[in-house]
Amino acid sequence: MATKKRVFISFDYDNDEGAKIMLAGQAKLDDSPIDFKDAWIKEPLTGDWKAKVRRRMDNIDVVAVLCGESTDTAKGVAAELEIAQEKNKQYFLLAAYKDKHCAKPTTALSTDKVYNWTWDNLKALVGGSR
């Protein structure tokens, strides 16, 4: 199996923590392409919060942005995606739910697609397919 990618998961803590837990759980599967490190911070956007995120992103390969119903109002997700873009990190947007509208973060590009969360899609996206 290829080397696992280190993944930073950006998500709306107030609304989508359950989806993040499920995604982190998939990292434990035998054929998972993910080496997941829990790097999220539940702090207000003050002080050195962004500096902490920047340091944590230094050691990752790709950012997975979980998009839920309220992601477009999640300031932390918007900031994390903006930091990933500034650092030229690969990233992808993943629909956290199959049966709900999943909104993009405000800092997403108009060309960024929200991908369906399937095991095959996840493996391809982590591998660089977009």
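## Basis of the report

Relative accessible area, computed with a 1.4 Å probe on protein chains only, defines a residue as buried when under 20%, exposed when over 50%, and partly exposed in between. By this definition K123 is partly exposed, with a relative accessible area of 28%.

The model is predicted, so that local features need pLDDT of at least 70 and side-chain atom pairs count only at pLDDT 80 or more, while totals for chains, interfaces and linings use all residues. Residues are numbered from 1 along each chain as its sequence is written, and side-chain values use heavy atoms, with hydrogens and water left out.

Five salt bridges (a side-chain nitrogen of Lys or Arg within 4 Å of a carboxyl oxygen of Asp or Glu) are found in a search of the whole structure. One of them joins the side chains of D31 and K123, at 3.2 Å from N to O. This pair links distant parts of the chain, 92 residues apart, with D31 in the loop between helix 1 (13-26) and strand 2 (34-36) and K123 in helix 4 (residues 119-126); helices (H or I, at least four residues) and strands (E, at least two) are DSSP runs numbered from the N terminus. D31 is partly exposed, at 34% relative accessible area.

K87 and D58 also form a salt bridge through their side chains, at 2.6 Å from N to O. K87 is partly exposed at 31% relative accessibility, and D58 is partly exposed at 44%.

## The K52 and D48 pair

The side chains of K52 and D48 meet in a salt bridge as well, with an N to O distance of 3.7 Å. D48 has 39% relative accessibility and counts as partly exposed.
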